[in-house]
Amino acid sequence: MIKEVLVVEGKMDVVAIDKAVEADCIITEGFNLKPQALKNIEQAYKKRGIIIMTDPDSAGERIRKYLSRRFPEAKHAFVPVEEATANDDIGIEQAKPEAIRKALAKVRTLDWEPKKTFTGADLILHGLSGAVDASARRARLGEKLGLGFANAKTFLTRLNHYGVTREEFDRAIEEMEREDRKQEESHE
(Lines give C-alpha, C1' and ligand atoms only; values in the text may rest on other atoms or scores of the structure.)
Protein backbone atom coordinates (compact mmCIF):
# COMPACT_ATOMS: atom_id res chain seq x y z
CA MET A 1 0.00 0.00 0.00
CA ILE A 2 1.38 3.39 -1.02
CA LYS A 3 1.27 5.87 1.87
CA GLU A 4 0.55 8.93 -0.27
CA VAL A 5 -2.67 9.46 -2.23
CA LEU A 6 -2.27 9.42 -6.01
CA VAL A 7 -3.85 12.32 -7.89
CA VAL A 8 -4.95 11.25 -11.38
CA GLU A 9 -7.17 12.68 -14.08
CA GLY A 10 -9.89 10.08 -14.61
CA LYS A 11 -11.72 6.97 -13.45
CA MET A 12 -9.94 4.74 -15.94
CA ASP A 13 -6.59 5.92 -14.54
CA VAL A 14 -7.70 4.49 -11.18
CA VAL A 15 -8.50 1.16 -12.87
CA ALA A 16 -4.99 1.05 -14.38
CA ILE A 17 -3.37 1.96 -11.06
CA ASP A 18 -5.38 -0.71 -9.21
CA LYS A 19 -3.86 -3.31 -11.56
CA ALA A 20 -0.36 -2.10 -10.65
CA VAL A 21 -0.34 -1.16 -6.96
CA GLU A 22 -2.50 -0.80 -3.91
CA ALA A 23 -3.14 2.93 -3.50
CA ASP A 24 -5.86 5.44 -2.77
CA CYS A 25 -6.59 7.84 -5.62
CA ILE A 26 -8.32 11.17 -6.12
CA ILE A 27 -9.67 12.01 -9.56
CA THR A 28 -9.32 15.56 -10.92
CA GLU A 29 -11.72 14.97 -13.86
CA GLY A 30 -9.24 16.67 -16.13
CA PHE A 31 -8.56 20.37 -15.67
CA ASN A 32 -12.13 20.74 -14.45
CA LEU A 33 -10.93 20.61 -10.82
CA LYS A 34 -14.15 21.05 -8.87
CA PRO A 35 -14.07 22.62 -5.38
CA GLN A 36 -14.77 19.22 -3.76
CA ALA A 37 -11.90 17.56 -5.64
CA LEU A 38 -9.53 20.35 -4.54
CA LYS A 39 -10.76 20.00 -0.97
CA ASN A 40 -10.15 16.23 -1.08
CA ILE A 41 -6.67 16.76 -2.54
CA GLU A 42 -5.86 19.33 0.15
CA GLN A 43 -6.98 16.99 2.94
CA ALA A 44 -4.91 14.14 1.50
CA TYR A 45 -1.93 16.48 1.06
CA LYS A 46 -2.05 17.53 4.71
CA LYS A 47 -2.69 14.06 6.16
CA ARG A 48 -0.77 11.61 3.97
CA GLY A 49 0.92 13.50 1.18
CA ILE A 50 0.09 13.27 -2.50
CA ILE A 51 1.77 11.99 -5.64
CA ILE A 52 0.70 13.79 -8.79
CA MET A 53 0.49 11.30 -11.67
CA THR A 54 -1.16 13.11 -14.56
CA ASP A 55 -1.21 12.06 -18.21
CA PRO A 56 1.99 12.73 -20.19
CA ASP A 57 0.31 15.27 -22.48
CA SER A 58 -0.15 19.05 -22.50
CA ALA A 59 -3.38 18.94 -20.47
CA GLY A 60 -1.73 16.69 -17.87
CA GLU A 61 1.23 19.05 -17.68
CA ARG A 62 -1.09 22.04 -17.09
CA ILE A 63 -2.84 20.16 -14.28
CA ARG A 64 0.53 19.17 -12.78
CA LYS A 65 1.76 22.79 -12.82
CA TYR A 66 -1.46 24.07 -11.24
CA LEU A 67 -1.40 21.45 -8.49
CA SER A 68 2.35 21.98 -7.92
CA ARG A 69 1.79 25.65 -7.20
CA ARG A 70 -1.11 24.88 -4.87
CA PHE A 71 0.61 21.92 -3.15
CA PRO A 72 4.36 22.67 -3.24
CA GLU A 73 5.43 19.61 -1.21
CA ALA A 74 3.62 17.19 -3.53
CA LYS A 75 5.59 14.34 -5.05
CA HIS A 76 5.56 13.65 -8.79
CA ALA A 77 5.52 10.45 -10.82
CA PHE A 78 5.95 10.51 -14.60
CA VAL A 79 4.91 7.68 -16.92
CA PRO A 80 6.80 8.01 -20.24
CA VAL A 81 4.67 8.85 -23.29
CA GLU A 82 5.61 5.59 -25.05
CA GLU A 83 4.46 3.57 -22.05
CA ALA A 84 1.21 5.52 -21.72
CA THR A 85 0.12 5.30 -25.35
CA ALA A 86 -2.23 2.72 -26.86
CA ASN A 87 -5.05 2.76 -29.37
CA ASP A 88 -4.11 6.29 -30.50
CA ASP A 89 -4.72 7.57 -26.97
CA ILE A 90 -2.30 8.92 -24.36
CA GLY A 91 -2.98 8.58 -20.66
CA ILE A 92 -2.23 6.77 -17.44
CA GLU A 93 -5.15 4.46 -18.24
CA GLN A 94 -3.16 3.18 -21.25
CA ALA A 95 -0.10 2.29 -19.16
CA LYS A 96 0.71 -1.29 -18.25
CA PRO A 97 1.08 -2.13 -14.54
CA GLU A 98 4.88 -2.39 -14.86
CA ALA A 99 5.12 1.15 -16.32
CA ILE A 100 3.07 2.52 -13.41
CA ARG A 101 5.22 0.69 -10.86
CA LYS A 102 8.42 1.97 -12.53
CA ALA A 103 7.12 5.57 -12.45
CA LEU A 104 6.19 5.24 -8.77
CA ALA A 105 9.63 3.82 -7.98
CA LYS A 106 11.18 7.04 -9.35
CA VAL A 107 8.97 9.57 -7.55
CA ARG A 108 10.51 13.04 -7.31
CA THR A 109 9.75 16.15 -5.28
CA LEU A 110 9.72 19.59 -6.87
CA ASP A 111 12.37 21.91 -5.43
CA TRP A 112 11.10 25.50 -5.57
CA GLU A 113 14.63 26.79 -5.14
CA PRO A 114 16.04 25.21 -8.28
CA LYS A 115 19.63 24.19 -8.50
CA LYS A 116 21.59 25.66 -11.38
CA THR A 117 23.29 22.34 -12.03
CA PHE A 118 22.26 22.03 -15.68
CA THR A 119 22.23 24.51 -18.55
CA GLY A 120 21.17 24.51 -22.17
CA ALA A 121 24.77 23.66 -23.02
CA ASP A 122 24.37 20.29 -21.24
CA LEU A 123 21.36 19.51 -23.41
CA ILE A 124 23.19 20.43 -26.61
CA LEU A 125 26.39 18.58 -25.60
CA HIS A 126 24.47 15.35 -25.01
CA GLY A 127 22.19 15.59 -28.06
CA LEU A 128 19.10 16.46 -25.99
CA SER A 129 18.51 19.74 -27.82
CA GLY A 130 19.29 20.84 -31.35
CA ALA A 131 20.00 17.34 -32.65
CA VAL A 132 17.91 15.38 -35.13
CA ASP A 133 16.99 12.76 -32.53
CA ALA A 134 16.92 15.15 -29.51
CA SER A 135 13.27 14.49 -28.74
CA ALA A 136 13.79 10.71 -28.64
CA ARG A 137 16.94 11.11 -26.52
CA ARG A 138 15.08 13.32 -24.01
CA ALA A 139 12.31 10.73 -23.84
CA ARG A 140 14.83 7.97 -23.08
CA LEU A 141 16.71 10.04 -20.52
CA GLY A 142 13.44 11.23 -18.96
CA GLU A 143 12.42 7.61 -18.49
CA LYS A 144 15.75 6.70 -16.88
CA LEU A 145 15.63 9.69 -14.50
CA GLY A 146 11.91 9.49 -13.74
CA LEU A 147 11.21 12.90 -15.29
CA GLY A 148 8.93 11.89 -18.14
CA PHE A 149 8.98 13.39 -21.62
CA ALA A 150 9.18 17.14 -22.21
CA ASN A 151 10.36 19.68 -24.73
CA ALA A 152 13.94 20.94 -24.21
CA LYS A 153 12.99 23.97 -22.11
CA THR A 154 10.69 22.00 -19.78
CA PHE A 155 13.20 19.15 -19.56
CA LEU A 156 15.94 21.55 -18.44
CA THR A 157 13.54 22.98 -15.84
CA ARG A 158 12.76 19.48 -14.56
CA LEU A 159 16.45 18.59 -14.33
CA ASN A 160 17.05 21.63 -12.11
CA HIS A 161 13.78 21.50 -10.12
CA TYR A 162 13.44 17.79 -9.33
CA GLY A 163 16.75 17.22 -7.59
CA VAL A 164 18.61 15.41 -10.35
CA THR A 165 22.30 15.26 -9.47
CA ARG A 166 25.17 15.55 -11.94
CA GLU A 167 26.13 11.97 -11.04
CA GLU A 168 22.63 10.63 -11.81
CA PHE A 169 22.59 12.54 -15.09
CA ASP A 170 26.06 11.33 -16.14
CA ARG A 171 25.23 7.70 -15.20
CA ALA A 172 22.03 7.80 -17.27
CA ILE A 173 23.82 9.37 -20.25
CA GLU A 174 26.56 6.70 -20.05
CA GLU A 175 23.91 3.99 -19.90
CA MET A 176 22.20 5.41 -23.01
CA GLU A 177 25.54 5.54 -24.84
CA ARG A 178 26.27 1.89 -23.91
CA GLU A 179 22.83 0.91 -25.23
CA ASP A 180 23.47 2.85 -28.45
CA ARG A 181 26.88 1.15 -28.96
CA LYS A 182 25.32 -2.27 -28.34
CA GLN A 183 22.61 -1.58 -30.88
CA GLU A 184 25.17 -0.35 -33.45
CA GLU A 185 27.26 -3.49 -32.93
CA SER A 186 24.24 -5.73 -33.44
CA HIS A 187 23.59 -4.04 -36.80
CA GLU A 188 27.12 -4.58 -38.07
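This is a tutorial dialogue about how to read a predicted model, feature by feature.

Trainee: Before I look at any detail, what is the mean pLDDT of the protein, and where is confidence lowest and where highest?

Mentor: The model is a predicted one, and its mean pLDDT is 93, with 100% of the residues reaching 70 or more. Confidence is lowest in strand β7, residues 108-109, where the mean is 90, and highest in strand β3, residues 50-52, where the mean is 98.

Trainee: Which order do the strands of the sheet have, and which strands are at the edges?

Mentor: The sheet is an open one of 5 strands, in the order β2-β1-β3-β4-β7, and its pairing is mixed. The edge strands are β2 (25-27) and β7, each of which pairs on one side only.

Trainee: Are the side chains on the two faces of β1 buried or exposed?

Mentor: The general idea is that in a regular strand the side chains alternate between the two faces of the sheet. In β1, V5 and V7 lie on one side and L6 and V8 on the other, and all of these residues are buried, so that both faces of the strand are covered.

Trainee: What does I52 touch, and is I52 buried or exposed?

Mentor: I52 belongs to strand β3, and it counts as buried because its relative accessibility is 0%. Leaving out residues up to four places away in sequence, I52 touches V7, R64, L67, S68, A74, K75, H76 and A77.

Trainee: Which residues of the largest nonpolar core have the most contacts inside it?

Mentor: In soluble globular proteins, nonpolar side chains tend to be buried together. Here the largest nonpolar core has 20 residues, and those with the most contacts inside it are I17, V21, M53, V79, I100 and L104. Strand β1 (5-8) and the helices α1 (11-20) and α4 (97-105) each supply at least two residues of this core. Apart from that core lies another, of 19 residues, among them A152, L156, I173 and M176.

Trainee: How many residues of α7 are buried, and what do they pack against?

Mentor: In α7, 8 of the 10 residues are buried, so the helix is largely enclosed by the rest of the structure. Its buried residues, including F155, L156 and L159, pack against α3 (58-70), β7, α5 (120-125), α6 and α8. One of them, L156, touches F118, T119, G120 and L123, not counting residues up to four places away in sequence.

Trainee: Where are the buried and the exposed residues of α8?

Mentor: Helix α8, residues 166-187, has 22 residues and reaches 32 Å from its first C-alpha to its last, close to the 32 Å expected at 1.5 Å a residue. The buried residues of α8 are F169, A172, I173 and M176. They are on the same side of the helix because they cover an arc of only 100 degrees around its axis. The face of α8 turned away from this buried side carries the exposed residues E167, R171, K182, E185 and S186. What covers the buried residues of α8 includes α6 (134-145) and α7 (152-161).

Definitions and conventions
Residues numbered from 1 in each chain as written. Predicted model: local features only at pLDDT ≥ 70, side-chain atom pairs only at ≥ 80, totals over all residues. Heavy atoms only, no water. Helix = DSSP H or I, 4+ residues; strand = E, 2+ residues; numbered from the N terminus. Expected span 1.5 Å × (residues − 1). Buried < 20%, exposed > 50% of the residue type's maximum accessible area, 1.4 Å probe, protein only. Arc of directions from axis to C-beta. Contact = heavy atoms within 4.5 Å. Core = buried A, V, L, I, M, F, W, Y, C linked by side-chain atoms within 4.5 Å. pLDDT = per-residue confidence, 0-100. Pairing = 2+ DSSP bridges.
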